[in-house]
Protein chains: 2
Amino acid sequence: MDREREMERGEKKEGKGDKMTHHCTKFSGHWKIIVFDEECFQGRRHEFTSECCNVMEFGFETVRSLRIESGAWIGYEHASYQGQQFVLERGEYPQCDAFSGSNAYHIERMTSFRPIACANHRECRMTIYERENFLGRKGELSDDYPSLQAMGWCNNEVGSLRIQSGAFVCYQYPGYRGYQYIMECDRHCGEYKHFREFGSHSQTPQIQSIRRIQQ
Amino acid sequence: MDREREMERGEKKEGKGDKMTHHCTKFSGHWKIIVFDEECFQGRRHEFTSECCNVMEFGFETVRSLRIESGAWIGYEHASYQGQQFVLERGEYPQCDAFSGSNAYHIERMTSFRPIACANHRECRMTIYERENFLGRKGELSDDYPSLQAMGWCNNEVGSLRIQSGAFVCYQYPGYRGYQYIMECDRHCGEYKHFREFGSHSQTPQIQSIRRIQQ
C-alpha cells in the first residue's frame, strides 16, 4: 500500500488528478497506533504495533486522543477487549468524541485495542439472517450499506450473521450511527448466531447499516 | 425501487438469498418522512413528502424521533435550513442521538429538513482539492472512503471541492464520525470553494471520510 501511495504522490507531482480507488489488496501487516493521554495529541505518548490489553499498564489513566498510522484497529471501552467497541481507521482523532462509537451512549475512555487482522476491503462477504441461529430470510452482502432497508432488507433488525471473508462493522442506526459491532471472519469462526454474540455491550438485534472495514 | 424490493421479497419467498446490491438507478421521487415530538415514535406525529422550513409551524416544539420511509433527506438544527446538518436515509431513528450529526457537538433538535433531490448513488463524482479555490493537489472520488488518508489523500483537510454528479456527505473524522457536510451537485453549482461554504456551522477544513448518499 505504501508503494501505491508513493505512486499516487508521483502522479500528483506531474499534475494529474489521482484516482482514489479501493486498492487495499493485501495488507503488509505493519499496524501502528499512537495514543496520547491528553486531547489534541498532547501529554504522555505511546506507540503500539500490536494489541494492548490494558493501556493503564503503560501509565495511562485513559486515552484522550490518538492517531492511526496504519492498519485497521478495534478500540474497547474496558480492559481485556470488553465493553463498547469501535472501529479505528487511518487518520487523526483529536478527542474522545472523535473515536468513541456511539452518539447514544457516551463513553469517555478507551482502555484496550487490537488490530483487525482479517480486514480485507476487496473481498468481504457476509450473510445476514432475519432470526437467530441462521434462520428466516437472508441477505448476502459484499458492499457498504448505509441503509439496509433502502437496499431491500425487511426490518430494522438482524437476528444472526455469518462472515465468509473479511471484516465488517455493523451499526444500530442508518448512516453508520449508534452502537458499533465489529464482525470478523476469523473470530467465532465467523459465526454470530445471536445478538448477544455481537459484542459484550449488545442489548438488541437492531442493525440498520453495515460497511466493510479497510486497512 | 419499490418494484425491485417486491422482486426481492418474491425471491425470499422462494427461499433464495437476496443479493443486495446498489441498484438505486433512478429515484421515483416519492419522498416521505414521519416525525414525532416524543422519543420512540410517540406523541404528536406528522408526515411530510417535501421540505419543511420550520417544524414549529406544525405545532412541534422539536422532533425527538423520526422514520424515513423513502428518499434521502437532510436534517438541520435550526429553522430555514441553518445550523448543523445531517443526512437521513431510510430507516428508524428512535431518539435525537440516532439522527444528530456529531458526537463532538450535541444537538438536541431538528427544526427543518428537506429531500436531497440529486442523490444518485450510482453516479456520484467529486473532485477534492488540497487548498481553497480549487488549488493544490487533487483527488477524484466516485466511491465511499471511510479513511481518505488510507486511500492516499495527503492530510486531514480538504480545502475546496467540486461535485460533478450526485450527492456526498463529508465527515470531520475517519469512519463517518463528527461534523457532517452534505454536498450536492445542484447546490452552489456543485462548487464549494472554501470550507465556510461547506455548511453554516463549518469552522475548519478538516474532512477525513466521505461517502455517497443513496436514496
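A: The model is predicted. In chain A, 3 strands form an open sheet in the order β6-β5-β8, with antiparallel pairing. The edges are β6 (82–88) and β8 (112–115) of chain A; each has a single partner strand, so one side of each is left without a neighbour in the sheet. On average, neighbouring strands here are turned by 20 degrees against each other, direction ignored.

Strand β5 of chain A covers residues 73–78 and is joined to β6(A) by 5 bridges, the two running antiparallel.

As for annotation, an unreviewed UniProt entry places the feature "domain: Beta/gamma crystallin 'Greek key'" at residues 71–117 and 124–165 of chain A. The span 124–165 of chain A is 0% helix and 48% strand, and its end C-alpha atoms lie 5 Å apart. A:Phe134 sits in the loop between β9 (125–131) and β10 (135–141) of chain A. Its phi is near 60 degrees, a positive value in a residue other than glycine. Most residues other than glycine have a negative phi. A:Phe134 counts as buried because its relative accessibility is 18%. A:Cys189 also has a positive phi, near 55 degrees, and belongs to the loop between β13 (177–184) and β14 (191–192) of chain A. At 71% relative accessibility, A:Cys189 counts as exposed.

Next, the core. The largest nonpolar core has 26 residues, and those with the most contacts inside it are A:Ile116, A:Ile213, B:Ile116 and B:Ile213. The elements giving two or more residues to this core are β5 and β12 (167–173) of chain A, together with β5 (73–78) and β12 (167–173) of chain B.

In chain B, 4 bridges join β12(B) to β15(B), and these strands run antiparallel. B:Cys170 stands opposite B:Ile210 of β15(B). From β15(B), B:Ser209 and B:Arg211 point one way and B:Ile210 and B:Arg212 the other way; all are buried.

B:Glu184 is placed in strand β13 (residues 177–184) of chain B. With 2% relative accessibility, B:Glu184 counts as buried. Beyond neighbours within four places in sequence, the contacts of B:Glu184 include B:Ile74, B:Arg114, B:Ile116, B:Ile163, B:Ala167 and B:Tyr192.

B:His201 lies in the loop between β14 (191–192) and β15 (209–212) of chain B. At 10% relative accessibility, B:His201 counts as buried. A polar atom of the B:His201 side chain lies 3.4 Å from the backbone oxygen of B:Gly83. The backbone oxygen of B:Gln180 also lies 3.4 Å from a polar atom of this side chain. Apart from neighbours within four places in sequence, B:His201 is in contact with B:Gly83, B:Gln84, B:Gln85, B:Tyr179, B:Gln180 and B:Tyr181.

Technical notes
Residues numbered from 1 in each chain as written. Chains lettered and ligands numbered in written order. Predicted model: local features only at pLDDT ≥ 70, side-chain atom pairs only at ≥ 80, totals over all residues. Heavy atoms only, no water. Buried < 20%, exposed > 50% of the residue type's maximum accessible area, 1.4 Å probe, protein only. Polar contact = N/O pair within 3.5 Å; in protein donor to acceptor, adjacent residues only side chain to side chain. Contact = heavy atoms within 4.5 Å. Pairing = 2+ DSSP bridges. Axes fitted to C-alpha atoms, helices over the stretch in contact; angles between N-to-C directions. UniProt positions renumbered as here; feature names shortened; annotations may be inferred. Core = buried A, V, L, I, M, F, W, Y, C linked by side-chain atoms within 4.5 Å.
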